[in-house]
Protein chains: 2
Amino acid sequence: MHLTSETGSDGVVQRRFVVDGVPGVLWLPASSEPSEPSEPSDGPERSEPGGRPLVLLGHGGGQHKTAPGVVERARRCVTRYGYAAVALDAPGHGERNRSAQDERFATEIGELLAAGRPISAWVARHTAALAERAVPEWRAVLDALGAIGEGLGPVGYWGLSLGSVVGIPLAAAEPRITAAVFGLTGLTGQTSPTEAAGRVGVPLRFLLQWDDELVPREAALALFGALGSREKTLHANPGGHEAVPDFELASSERFLCRRLRPGAGA
Amino acid sequence: MHLTSETGSDGVVQRRFVVDGVPGVLWLPASSEPSEPSEPSDGPERSEPGGRPLVLLGHGGGQHKTAPGVVERARRCVTRYGYAAVALDAPGHGERNRSAQDERFATEIGELLAAGRPISAWVARHTAALAERAVPEWRAVLDALGAIGEGLGPVGYWGLSLGSVVGIPLAAAEPRITAAVFGLTGLTGQTSPTEAAGRVGVPLRFLLQWDDELVPREAALALFGALGSREKTLHANPGGHEAVPDFELASSERFLCRRLRPGAGA
């Protein structure tokens with residue numbers, strides 16, 4: 001893990017880093033600097049059994065690790081709950097170079113949109129390919145965070161749309177993740193990493209937009225049904241892909257953070 | 001409104017009454033007795049503009065106005081929020097005589113269950129007929145409560161299953177209702193009072209059980225879609241008709257009570 005910058009404001013430290021070429025950001029409480037593994041039990045928060053909870057934030061398609069919604073959610077995890085949060089640029093997003101595949105996608109989706117043709121199947125195919133690259137990147141970052149004493153406590157994943165296309169196979173593969181918020185995506189057939197859905201077993205919240213223009217309702221319902229978790233709740237509201245109500249986002253954040261440490265933020 | 005008994009415990013007054021032959025129960029805060037219209041502004045709660053919020057509680061099929069779940073919900077509305085709550089016996093339920101139609105239903109549903117045959121269409125048909133009788137009864141009780149100074153503030157409706165089969169046409173017809181919790185029922189064709197769904201316009205929560213053995217999932221989703229409210233949220237959880245998680249029931253209660261008076265119980 002290569003640290004590239006550190007800034008702090010209003011009780012939150014923001015560290016930019018790179019792991020194996022993937023740029024990310026880690027947010028931490030300013031009052032509780034993470035210790036090196038050689039200095040355990042440094043400060044009261046460090047005494048929590050198993051370590052401080054960590055929230056992984058997956059961004060949506062076309063966004064990046066410091067999109068406003070990501071940063072605001074990360075800061076709330078830190079200031080309201082005392083947790084750490086981390087976000088990465090997904091392949092082809094943010095500071096990362098676009099591969100030939102990414103460039104082709106950007107061109108072709110523009111052409112489809114200009115022609116007024118449906119893009120959901122195309123988006124599903126591309127994002128599934130992207131998720132195959134993103135899952136091992138997230139796992140490498142979790143390993144790197146462990147080496148600096150973060151992510152040793154409960155780990156939650158929050159990500160909608162592309163954030164779920166990545167997050168669902170990640171949660172299926174990664175036993176460190178113990179709770180999740182998913183949504184705004186659907187089961188799209190054999191090319192999709194959502195075939196991992198049945199292997200997801202953690203408590204989760206799933207957000208669905210009733211009038212989602214990018215995700216067919218039946219596909220989203222089928223994905224919710226396919227998720228293997230015993231504890232899973234679907235929340236559906238009227239409106240399109242971008243119109244998730246603020247109260248629903250806030251509720252999903254509370255769900256995740258309280259799942260990671262019961263009673264937190266109460 | 002004929003008062004038949006009054007008891008009180010733990011800060012809650014419980015008054016049994018009869019309106020036009022329909023028996024009901026009204027729960028009120030003990031510290032704030034409702035006044036006759038001739039004695040306005042008696043006590044601090046009475047100063048609320050428009051009057052104290054009132055929650056209408058519709059019970060499920062085979063239950064009645066003082067089933068444990070109904071009484072507990074009513075008492076929480078009173079003790080946590082200072083509201084009034086009211087429940088009625090639905091036609092053919094509780095203390096009410098069964099009509100020939102009700103008796104036929106009870107016999108035939110027993111036969112269907114014994115034969116292992118599907119009962120959902122049968123239940124839908126019977127409960128729709130029952131709702132046609134129940135809606136004017138609820139409206140008469142609202143009128144009678146108004147005459148004793150209750151139900152003049154915001155009115156909410158909470159009822160699942162049969163409670164929704166009654167509550168949806170009631171909310172469609174009754175402008176005094178300003179928020180609602182529905183669920184565990186579905187759109188079942190032209191014989192159903194849920195054709196009123198499109199005329200419901202109040203903010204609402206809709207509960208769905210993913211593995212509901214009495215309500216086909218598609219029918220419940222279609223009903224949610226048909227409800228005319230701009231603000232409506234579907235919450236779906238795994239499990240059968242009787243297995244709504246406790247956290248979901250509690251959340252629906254908070255939703256309704258806070259809708260009736262923003263900031264209440266916070």
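Predicted model: local features only at pLDDT ≥ 70, side-chain atom pairs only at ≥ 80, totals over all residues.
**Exercise 1. How are chain A and chain B related?**

Step 1. A turn of 180 degrees does it, with a shift of 0.0 Å along the axis. The RMSD is 0.0 Å.

Step 2. Read off the symmetry. The two copies are therefore related as by a two-fold rotation axis.

Step 3. Locate the axis in chain A. The C-alpha nearest to it belongs to A:H235, at 2.4 Å.

**Exercise 2. Which residues and elements make the contact?**

Step 1. Count each side. Chain A supplies 10 residues and chain B supplies 10 residues.

Step 2. Find the main contributor in chain A. β9(A) gives the most to the side that touches chain B, with six residues.

Step 3. Four residues are nonpolar, four are polar and two are charged.

Step 4. Compare the surfaces. 100% of the interface residues of chain A are also interface residues in chain B, so the copies meet through the same surface.

**Exercise 3. In what sense does β9(A) pair with β9 of chain B?**

Step 1. Look at residues 232-237 of chain B, which form its strand β9. This strand and β9(A) pair in the antiparallel sense, over three bridges.

Step 2. Pick one bridge. A:A236 has B:L234 in β9(B) as its partner.

**Exercise 4. Is A:E242 buried or exposed?**

Step 1. A:E242 sits in the loop between β9 (232-237) and α6 (246-260) of chain A.

Step 2. Count neighbours. There are 12 other C-beta atoms within 10 Å, and exposed means 12 or fewer. A:E242 is therefore exposed.

Step 3. Relate A:E242 to A:S120. They lie 122 residues apart in sequence and 14 Å apart in space, C-alpha to C-alpha.

Methods:
Residues numbered from 1 in each chain as written. Chains lettered and ligands numbered in written order. Least-squares fit on C-alpha atoms with pLDDT ≥ 70 in both. Contact = placed C-beta atoms within 7 Å. Helix = DSSP H or I, 4+ residues; strand = E, 2+ residues; numbered from the N terminus. Buried ≥ 20, exposed ≤ 12 C-beta atoms within 10 Å, placed from the backbone. Nonpolar A, V, L, I, M, F, W, Y, C, P; charged D, E, K, R; others polar. Pairing = 2+ DSSP bridges.
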